[in-house]
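Subject: A structure to look at, with notes

Hello,

I am handing over a structure that I would like you to open and go through slowly.

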Amino acid sequence: MPQAASAPDPYPAPRPATRERTGPRHDPEDTTGMTATPEPAPAPGPGPESGAGSPAPAPCPPESVRRVACVGAGVIGGGWVAHFLARGYDVTAWDPAPDAEEKLRRLVDAAWPALRQLGLHPSASPDRLTVLPTLEEAVADAEFVQESAPEKLELKRSLLARIDAAAPGGAVIASSTSGYPMTDMQGEAADPGRLLVGHPFNPPYLIPLVEVVGGELTRPGAVEWASRFYEAAGKSVITMDKELPGFIANRLQEALWREALHMVANGEATVQEIDDSITEGPGLRWAFMGPCLTFALAGGEGGMAHMLDHFGPSLKSPWTRLEAPELDASLRDAMVEGCDAAAAGRSAAQLVAERDQGVIDVLRATGRLPRSADGERP
Ligand SMILES: NC(=O)C1=CN([C@@H]2O[C@H](COP(=O)(O)OP(=O)(O)OC[C@H]3O[C@@H](n4cnc5c(N)ncnc54)[C@H](O)[C@@H]3O)[C@@H](O)[C@H]2O)C=CC1
Ligand SMILES: C[N+](C)(C)CC(=O)CC(=O)[O-]
């Protein structure tokens, strides 16, 4: 990742990124991962110059963060709020929708039973959430900001510049974007060096993965800082050193999704068949073993080498159509009707509860639940 022009880097020296599946590391003595209250951040000292030429304070250590701001509080912003609250952070939020606070608190309440099963931080409470009337108030004291506004490039560009103008100089600012490279979003900010992507998975309070990647103007230390922060906040982090639209997981998901849409558009498979083909098939393996290693086993004792020699030539057969199908009204209706049929009368709230319990069951079955405060698995 190229470093920002000549701006010095006020962030800690990089250390190798790790995959973290346990609780927060607020307290080094904490063997459970859930017992410590986040330490107050040290007052930011004078720092090196920011991209704009004004002094940029150094951020607090990522493990010391206690105040997080969430901008945009829909499906994903709300999910982030629930996650950070469950981890004992103080969370401020802003969303311009008139009913945003009511919806957000409803989302947090609906998520809380699942979060309790995962094991709450001793300081965790929905009461640590403050919804503020302006963006500027929401980010004013933040040590980290997570932006989760609608996926519109121009909106993100100006919103990130606004957040950058209002947030304390040491705060790192992450976007939840599903696919835009940060290079395309950071240009209007006065200090683009602290802007990066932190791409979550729905719901962010249950799915561990966050993909972290900076843009051309992002300071490498900010990427390293964010990776450490997410790990301390209990996430499993993949830190990418190259920008790639859609990052890693969405490129994979979109390939599958594109084929699903082709099959529905051509009347080749129903929505139900497509979903069953994954949940009753490869999806069971993918929860604990990725597609590459899974396919290596398809080669028997010959492993991936035999698998490629055996099945490789078939990759040239027209299995993949590459181009996305036209998302016209009839395909849209077929997908919507198929999903309604698959839901079989279950409401969105019922499906969310089912999904949350399913993810917890998978995490439990594969030994990936964080430890609770008493050190026992919940
Ligand atoms: N829905 C998903 O499964 C995932 C979405 N994402 C990303 O998360 C971001 C948010 O997506 P969702 O939560 O799904 O959308 P959403 O539509 O559920 O929520 C967006 C929220 O942003 C608010 N908003 C509108 N204008 C705004 C502005 N100018 N500033 C701040 N907030 C504003 C809306 O009132 C709404 O509450 C997008 O960038 C999306 O690509 C990432 C991973 C998964
Ligand atoms: C549908 N989506 C592209 C917004 C999904 C994601 O970005 C990640 C997820 O939760 O699967």
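Before turning to the strands, please keep in mind that two strands are taken to pair if DSSP finds at least two bridges between them. Please also remember that this is a predicted model.

With that definition in hand, look at strand β4 (residues 144–147) and strand β5 (residues 172–175), which run parallel and are joined by four bridges. Within this pair, Q146 stands opposite A174 in β5. In general, the strands of a sheet pair through backbone hydrogen bonds, in either a parallel or an antiparallel way.

These two strands belong to an open sheet of eight strands, whose order is β3-β2-β1-β4-β5-β6-β7-β8 and whose pairing is mixed. At the edges are β3 (129–131) and β8 (236–239), each of which pairs on one side only. From one strand to the next, the twist averages 25°.

Helices lie against this sheet. α1 lies across β1 (67–71), β2 (90–94), β3, β4, β6 (195–199) and β7 (209–214), and runs at about 165° to β1. α4, for its part, packs on the sheet and touches β1, β2, β4, β5 and β6, with a direction that makes about 165° with that of β4.

The model also holds ligands. Ligand 1 is surrounded by 23 residues, of which the closest are I76, D95, E151, K156 and S178. By class, its shell divides into 12 nonpolar, eight polar and three charged residues. An oxygen atom of ligand 1 is 2.5 Å from an N or O atom in the side chain of D95, while a polar side-chain atom of E151 lies 2.6 Å from an oxygen atom of the ligand. The protein covers 72% of the 830 Å² of accessible area that ligand 1 has on its own. Two or more residues of the shell come from each of α1 (75–86) and α4 (153–166), and α4 gives the most, with three residues.

Around ligand 2 you will find S178, H199, P200, F201, N202, N250, Q253 and E254. Helix α6 (residues 249–265) supplies the largest share of this shell, three residues. Oxygen atoms of ligand 2 lie 3.0 Å from an N or O atom in the side chain of S178, 2.9 Å from a polar backbone atom of N202 and 2.8 Å from a polar side-chain atom of Q253. Taken alone, ligand 2 exposes 320 Å², and the protein buries 59% of that.

Best wishes

Notes
Residues are numbered from 1 along each chain as its sequence is written. Chains are lettered from A and ligands numbered from 1 in the order in which they are written. This is a predicted model: local features need pLDDT of at least 70, side-chain atom pairs count only at pLDDT 80 or more; totals for chains, interfaces and linings use all residues. Side-chain values use heavy atoms; hydrogens and water are left out. A residue is near a molecule or strand if one of its heavy atoms lies within 4 Å of it. A polar contact is a pair of N or O atoms within 3.5 Å; within protein, one must be able to donate a hydrogen and the other to accept it, and residues adjacent in sequence count only if both atoms are side-chain atoms. Accessible areas come from the Shrake-Rupley method with a 1.4 Å probe; for residues, only the protein chains shown count as cover. Ala, Val, Leu, Ile, Met, Phe, Trp, Tyr, Cys and Pro count as nonpolar, Asp, Glu, Lys and Arg as charged, and the others, Gly among them, as polar. Axes are lines fitted to C-alpha atoms, for helices over the stretch in contact, and angles run from 0 to 180 degrees between N-to-C directions. Contact means heavy atoms within 4.5 Å.
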